[in-house]
Amino acid sequence: MPSEDSAATEALARARVMAARKRDPFWQVIGLLGSLKLALILLGSIAVAIAAATFTEARFDSAVAKAWIYKAPWFLAWLGLLCVNLFAVTLTRWPWQRKHVGFVITHYGIILLLAGAVVGMTRGFEGNVTLRTDGSPQRKIVTDRSCLQVESPADSYLYLMPLETRFLKVSESSPKLLPVPGTSLRIGIDAVSEHLVKEPSLATAPEGVKAGPAVLLRFSSGMMHQAMPLALGSSGGAPSTDGFFGRALISWSGDPAVWPDHSEGGKKPWLDLRPGSTPGKVAYRKGRGTEADATGELAAGENLRLGWADWVMELQETRPDAVIASTPVPAAEGGVPGFRAFLQDPDGSRTSPLWVVSGEVVPLVLGREIVRIGYGLELKPVPFSIALTSFEVPRDEGTETPSDFRASVLFRDLKSGQEKEGRIRMNHPASYPGGLWANLTGLNYKFSQAEWNPDDLKETTLQVLYDPGWLLKWIGSLAICAGIATMFYLRPRS
């Protein structure tokens with residue numbers, strides 16, 4: 001019975017190989033890395049981490065879950081160790097036999113799937129781009145990643161650094177220091193806020209800037225638990241106004257002898273203000289329609305009940321020659337994110353800290369060095385431009401309910417100048433560069449409808465998805481399915 005003899009010989013040879021490996025340090029390490037105990041510990045820890053991320057995302061948002069877990073270095077290292085475990089466990093079966101084929105394919109499929117997920121998470125991005133039919137083509141995508149923009153005085157080049165302020169743990173005694181490229185300077189961050197609002201104030205006009213009478217007010221409502229500062233100024237006698245949430249009209253006139261005309265003002269309540277009869281005072285009158293129901297004068301610190309629900313106005317300051325300035329300050333809610341920064345040189349000298357608001361550029365000046373910094377969402381450059389040629393919103397018959405969104409876009413390669421048209425519909429994205437190879441590799445930008453402006457059909461916002469790990473994830477998924485099918489349904493011949 002030659003077949004039985006060959007099987008016995010093969011089994012004996014394999015037993016000798018396994019016995020020799022137990023004394024080999026290399027294979028002892030492989031055995032430890034590929035052990036079942038390590039696999040269970042890794043899988044259990046990852047399962048707990050994913051469960052925690054799910055609750056974190058529900059409690060906060062996806063950005064917190066990504067920062068704390070999914071994109072945290074320890075989680076990526078844990079996934080890398082799991083890949084090492086999966087690879088090592090296949091080596092423990094070496095030399096492979098026919099019965100190991102499904103086992104090996106499945107494990108390598110999991111490794112490819114995890115590698116594709118990490119590549120897509122680290123190299124890919126998701127963002128959006130707003131286009132107009134009467135606007136210029138766009139060459140950058142707004143991603144969901146926040147970054148610090150630094151203009152270096154060494155070369156005037158704009159450098160981008162990833163920065164999520166909401167996860168920074170800083171204080172005045174323990175600031176975070178960031179390098180200014182090409183210099184020995186450092187940018188220090190000693191405070192952060194997710195709710196920066198602009199607080200108005202009255203300031204002396206810089207040289208060459210026109211100024212005029214100005215007033216600083218504060219409106220408050222106990223019923224609505226709301227307070228709102230408001231500064232109104234005038235240059236050359238021109239009045240300024242505020243709509244007060246669209247509910248009323250507040251006017252300030254720099255001319256102490258002129259009241260605004262309300263003959264065609266409708267039925268909204270109004271409040272008129274102008275310089276008073278003596279310095280430091282403000283004259284007022286308030287009413288509705290064409291009739292005034294109260295007049296008088298206020299000094300700094302005095303209040304006026306407006307009769308608009310429980311709103312009260314306080315006169316904080318008035319100046320005969322000033323301009324309106326605004327300073328970012330942290331608030332309990334509303335506003336935009338930002339941080340407080342200073343510039344520091346190697347000997348420890350530093351500037352006074354300034355708040356940097358998302359979407360704005362702030363210059364930090366230390367001696368002769370000027371470093372301009374900004375904070376906001378990353379603008380990701382792409383190797384092509386995209387322009388909106390048309391946008392339509394068909395409606396269901398007899399209603400104003402949209403039945404579809406149809407956007408026509410024109411892609412243009414920045415190097416070759418080659419153009420390609422794309423058509424975007426509901427659940428039908430457009431791709432660039434498109435084609436079989438780009439779709440197979442995942443080196444493809446997908447554009448789908450995200451938002452639209454019902455009041456302006458010349459504008460639309462598209463969601464952009466770029467995932468270079470797509471091919472690895474698909475190959476890994478197919479390998480897992482093929483490996484499992486091989487193990488359970490295509491049993492090797494005995």
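**Strands, helices and a core**

Student: Which residue in E20 is the bridge partner of Ala-407?
Tutor: Ala-407 has Ile-424 of E20 as its bridge partner. Keep in mind that this is a predicted model: local features need pLDDT of at least 70, side-chain atom pairs count only at pLDDT 80 or more, and totals for chains, interfaces and linings use all residues. Numbering starts from 1 along each chain as its sequence is written, and side-chain values use heavy atoms, with hydrogens and water left out.

Student: OK, how many bridges join E19 to E20?
Tutor: Six, between strand E19 (residues 406–413) and strand E20 (residues 419–424), and the two run antiparallel. Strands (E, at least two residues) and helices (H or I, at least four) are DSSP runs, numbered from the N terminus. Two strands pair if DSSP finds at least two bridges between them.

Student: And what's up with Gly-417 in that hairpin?
Tutor: Gly-417 takes a positive phi near 80 degrees, in a hairpin with five residues between E19 and E20.

Student: New topic: what order do the five strands of the open sheet come in?
Tutor: The order is E8-E9-E10-E11-E12, with mixed pairing. Strands E8 (240–242) and E12 (291–299) are the edges, each pairing on one side only.

Student: How do E8 and E9 pair?
Tutor: In the antiparallel sense, over three bridges, with E9 covering residues 249–252. Asp-242 stands opposite Ile-250 in E9.

Student: Switching to helices, at what angle do H4 and H5 pack?
Tutor: At about 55 degrees, with the axes of H4 (residues 62–70) and H5 (residues 73–91) 6 Å apart. That makes H4 oblique to H5, because angles under 35 degrees count as roughly parallel, over 145 as roughly antiparallel, 65 to 115 as roughly perpendicular and the rest as oblique. Axes are lines fitted to C-alpha atoms, for helices over the stretch in contact, and angles run from 0 to 180 degrees between N-to-C directions.

Student: Which residues of H4 and H5 make the contact?
Tutor: Trp-68, Ile-69 and Tyr-70 from H4, plus Trp-74, Phe-75 and Leu-76 from H5. Contact means heavy atoms within 4.5 Å.

Student: Last one: which residues touch the most other members in the largest nonpolar core?
Tutor: Val-409, Tyr-445, Phe-447 and Leu-462, out of 22 residues. Such a core is a set of buried Ala, Val, Leu, Ile, Met, Phe, Trp, Tyr and Cys residues joined through side-chain atoms within 4.5 Å. Buried means under 20% relative accessible area, exposed over 50%, partly exposed in between (1.4 Å probe, protein chains only).

Student: Which strand gives the most to this core?
Tutor: E18, with five residues.
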